[in-house]
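Dear colleague,

Please find the structure below, followed by a short account of what was found in it.

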Amino acid sequence: MNFFKRQWMVPYLFLAPALIGTIAFKLYPIFIGFWESLIYTSFSGGAEKRIFVWFENYQYLFDDKIFWKSLEITAFLTIIINPLQIAMSLGLALLLMRKSKFIRIIRSLYLLPIGIALPIATIIWGLMLDPNQGLINGLIGFFGIPPQPFLVSENQALWCIIAIATWKGVAFWMLFLLAGLEDIPKQYYEAAEIDGATPFQKFRYVTIPQLKRTILFVFVADTAANFVLMVPMIILTKGGPLQSTNVLIYEGYRSGFYYQDWGRSLSIITILTVITLIVIGLQLLFLSEKNEGIKVK
Amino acid sequence: MIMHFKRQWSVYLWYLVIFIGLIITILPFWWGVAASFKSNSDIFRDLAPINIRAFLPGFSLESYFAIFENDFGRSMLNTFFVSITSVAGGLLINSMAGFAFAQFRFKGDNIIFGFVLLSFAVPADAIAIPLFKMMRQIGWFDTFYALIIPMLANGLIIFLYRQFFLGIPKELIEAARVDGLSWFGVFWRICLPLSVPVTLGAGLLLFVFQWESYLWPLIAAPSPELHLIQVTLGRFSTEYEMVWNQQFAASSIAGFLPLVFIYMFQKQFVSALTGVEQK
């Protein structure tokens, strides 16, 4: 112990590069984002002028219909996409737990979308969903369904983006659930079987409680990821048609990079960050409390 | 007999569901790769009306030649450069931090570790805009620095190394210290060589992360000479909207390398990713 005291700097030297990087490029930007949201930049007369305006940017935002519409779309997307992805990932993980001669290859094939970057997935799906010549319209036409507008329709565009993000995301979240499922001791299932449990009862009283921590982790991480989902909007829809895919993160991006309104942009980002933290906090609060009640040990 | 019959049915049903799922998973790849070897007019001919040829690969390399005339090669080289430097730098600094957390008790260690954990809960895309403003202030905007340096420190990888280093027997390290090895020597000569499995997984994560990044390079380095592969792809999809075969060819090339790496090191990749869960 004495030894460490003499060399008290050693651990800090080991830490320094990564710690400086973390603080400067991951934590400090959150602070700058908030600070800059209190500033109004005017370009009158060609000169850039920065004025500290307290919460005026937020005030403008709250009077803005586009912002409220965007918030509504974000809320709708969040409510649909997260449970959908979790349910599908869990379903797939359970399917892939079954023993089969081909299980290794089947599992590997299902992991394909993980290796494909979201921009690539977006581009390919964009072409598949092309209203005039796309593969999907060709395929459904084969079954006598009339061609659909997909990404150019106000009612379908957001659902298309949900589909693309889900196609890309399910395999990724499934990995965690699969690892969690494989961690559950086989004896628990054997014991349940001896007690005459049906497959559903085994799922309800063994799998779910044992997997709760993993599900919670996946739910929180997936929610955080989907709050910033905007690659399909940047590449395919630009928030349209008629703002139907204009989620908050995209509205923030657009306010800054298209209209140079950084005060507005960063107010939106700050609001989104606060919403994300609140939602994640609530998830942790409600789900982990239940966890302690049912935990089997 | 009835039991047996029922079991059979559930197996068939399982195969059916798995098969449908596989089609949905694989169809975009299959179609994209097949179409990348066709001329543009052939792609459209096979689609309207749709016929089986849409799923058969063509034999034309036209699209592949065309994308390399369109500066795709440059963005590939850029991406290699950025990915490889990020892997090297990221592995070094994060493994050092992991070593510090595993080997030493020091003032503030728990708080600092808490900050590190907090940092990987912050989604990169949420801080992209303030980070972009910061890059402009410090003059890194539109340089390779902006693409590489902010992405090096990574909480997840620090965490992975810490967990691994905690498992190295203390006696081994004490013996080395008694023999007069410096702490850096202990880290460099003893701990790091032992950590091949973590390093493979963590390196792969860093590589894939950079290879697949889109939003940050899009806003931080807009000059065409600095474009990374995903940015170029995004550009193709707007500038050459109707040139489908080039979009497919570029996507196929960009998707190929991460897939090969992930499949080569599937085990390490999965355990690095899910390491968060396994204690």
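In this predicted model, the C-alpha centres of domain 1 and domain 2 of chain B lie 34 Å apart. Domain 1 covers 2-60 and domain 2 covers 64-274 of chain B, with bounds from an automatic or database domain assignment. Eight residues from domain 1 of chain B and seven residues from domain 2 of chain B form the contact between them; two residues are in contact if their C-beta atoms, placed from the backbone, lie within 7 Å. On the domain 1 side, α1(B) gives the most, with four residues.

Chain B has 15 helices and zero strands (DSSP runs, H or I of at least four residues for helices and E of at least two for strands, numbered from the N terminus). Its radius of gyration, taken over C-alpha atoms, is 24 Å, well over the 19 Å of the globule rule for 279 residues, so chain B is more spread out than a compact globule. That rule is 2.2 Å times the number of residues to the power 0.38. Along its principal axes, the C-alpha trace of chain B spans about 75 × 70 × 30 Å.

Residues are numbered from 1 along each chain as its sequence is written, while chains are lettered from A and ligands numbered from 1 in the order in which they are written. Local features need pLDDT of at least 70 and side-chain atom pairs count only at pLDDT 80 or more, whereas totals for chains, interfaces and linings use all residues.

Yours sincerely
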